[in-house]
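This is a walk through one protein model, from the whole chain down to single residues. Please keep the sequence and the 3D view open while reading.

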Amino acid sequence: MYCLIVENESLDYTAIMERCGVGNTPAQVVVKNIANLEEFYDSTDLIGIYNYCLKNISDSEILIQIIKYTDAHRAISTLNILLDMLVLNKSEDDSLVNVRVMCAKAISNYKDTSTVTTLLSCMNNKNEHYKVRLACADALGRIGDKYAVKPLIDLVEDEEEKSVYLKESATFALGLLGDTSAIDPLVSILESKQGFLDKFTFLKEKIVEALGKLNFQNKKVMKALKHSLMDSSPIVRINAIEAIMNSEDEDAPAIIKPCLNDDDDEVKKNALIALYNLCGRDILDEVIELPIYCEYVKTEAQELINEYEE
């Protein structure tokens with residue numbers, strides 16, 4: 001929630017900034033002085049001071065901290081300034097880019113659906129700095145407006161989009177939004193990237209995570225997760241195990257059990273933990289007793305018994 005604030009016009013903001021050392025004192029000292037203002041001013045006055053600083057200070061280190069301070073108040077007047085900073089302060093300077101990234105994060109905390117159009121515009125601008133685009137995609141997921149679902153799907157499906165990292169952020173956002181219309185495109189992308197390593201590994205990880213947050217009753221979701229257990233990336237397989245474990249599907253133990261014989265030890269370990277969460281002590285005893293399981297898995301099973309069962 002955010003609040004409507006009428007700023008105190010009697011305050012001398014310029015004098016306050018001077019007392020804080022803006023312009024002639026190291027940034028860290030200025031930040032500390034601004035933080036101490038809460039001892040002398042109420043919430044309404046602080047918002048006015050923060051807003052004035054955001055509009056009149058150029059030092060990125062100070063700006064980033066002030067944006068963090070404003071989050072405790074979330075005034076609508078500050079939101080409008082943050083939106084202007086996000087859109088207007090375009091620069092390739094990394095320090096200013098980081099300020100804009102922080103703006104996007106702060107904007108998302110308002111959960112204000114009126115900001116979605118601005119965030120979409122920044123995200124879809126291929127001339128925009130990739131860090132800003134990533135932050136806007138993440139913000140769209142956190143705001144939770146279903147209007148963003150279609151543009152996010154379009155971005156993930158865009159073959160001309162060069163940034164795999166942006167596709168990952170958009171996929172994560174779709175998982176947060178939880179709209180089942182994302183299932184088909186995400187499954188299609190996951191299937192098309194099966195067998196690919198390197199730059200597509202993290203994208204597949206995010207897709208599996210997102211599918212795990214969507215409707216498990218959808219047969220396509222479970223089918224895609226099953227296929228992901230055979231992916232060439234161990235991390236994708238591990239994410240699929242976790243998603244299937246959380247699916248509440250009655251067949252989950254049987255689906256996960258073959259992973260106890262995976263080529264990767266971490267996959268074996270995560271499969272064992274998942275099965276222990278689903279089946280309890282019985283699966284540990286079975287692993288230790290049966291000769292079909294390797295010593296590594298047996299040792300892990302015994303350690304789980306020692307830690308949680310005895």
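How many positive and how many negative side chains does the protein chain have, and how far apart do the centres of the two sets lie? There are 32 positive and 53 negative side chains, and the two centres lie 5 Å apart. Lys and Arg count as positive and Asp and Glu as negative, while His and the chain ends are not counted. Each charge is placed at NZ of Lys, CZ of Arg, CG of Asp or CD of Glu.

The model is predicted: local features need pLDDT of at least 70 and side-chain atom pairs count only at pLDDT 80 or more, whereas totals for chains, interfaces and linings use all residues. Residues are numbered from 1 along each chain as its sequence is written, and side-chain values use heavy atoms, with hydrogens and water left out.

The protein chain holds 18 helices and zero strands. Here helices (H or I, at least four residues) and strands (E, at least two) are DSSP runs, numbered from the N terminus. The radius of gyration of the protein chain is 25 Å, well over the 19 Å that the globule rule gives for 310 residues, so the chain is more spread out than a compact globule. That radius is taken over C-alpha atoms, and the rule is 2.2 Å times the number of residues to the power 0.38. Along its principal axes, the C-alpha trace spans about 80 × 50 × 30 Å.

Of the 310 residues in the protein chain, 49% are buried. Buried means under 20% relative accessible area, exposed over 50%, and partly exposed in between (1.4 Å probe, protein chains only). Among contacts (heavy atoms within 4.5 Å) between residues at least 6 apart in sequence, 64% join residues at least 24 apart.

Helix α4 covers residues 60-70 and includes Thr70. The buried residues of α4 are Ser60, Ile62, Leu63, Ile64, Ile66, Ile67 and Thr70. These buried residues pack against α2 (27-35), α3 (43-56), α5 and α6 (94-109).

Why does Thr70 count as buried? Its relative accessibility is 4%, and buried means under 20%. Leaving aside neighbours within four places in sequence, Thr70 is in contact with Tyr50, Leu54 and Thr78.

Thr78 belongs to helix α5 (residues 76-88) and is buried, with a relative accessible area of 2%. With neighbours within four places in sequence again left aside, Thr78 is in contact with Ile47, Asn51, Leu54, Thr70 and Tyr110.

Between α4 and α5 runs a loop that contains Arg74. Arg74 has a phi near 50 degrees, a positive value in a residue other than glycine, and is partly exposed at 22% relative accessible area. Glu248, in the loop between α14 (234-245) and α15 (252-256), also has a positive phi, near 65 degrees. Glu248 counts as exposed, at 78% relative accessibility.

Ser169 is in helix α10 (residues 164-177). Ser169 is buried, at 16% relative accessibility. Apart from neighbours within four places in sequence, Ser169 is in contact with Leu134 and Ala137. From Ser169 to Leu284 the separation is 115 residues in sequence and 37 Å in space, C-alpha to C-alpha.
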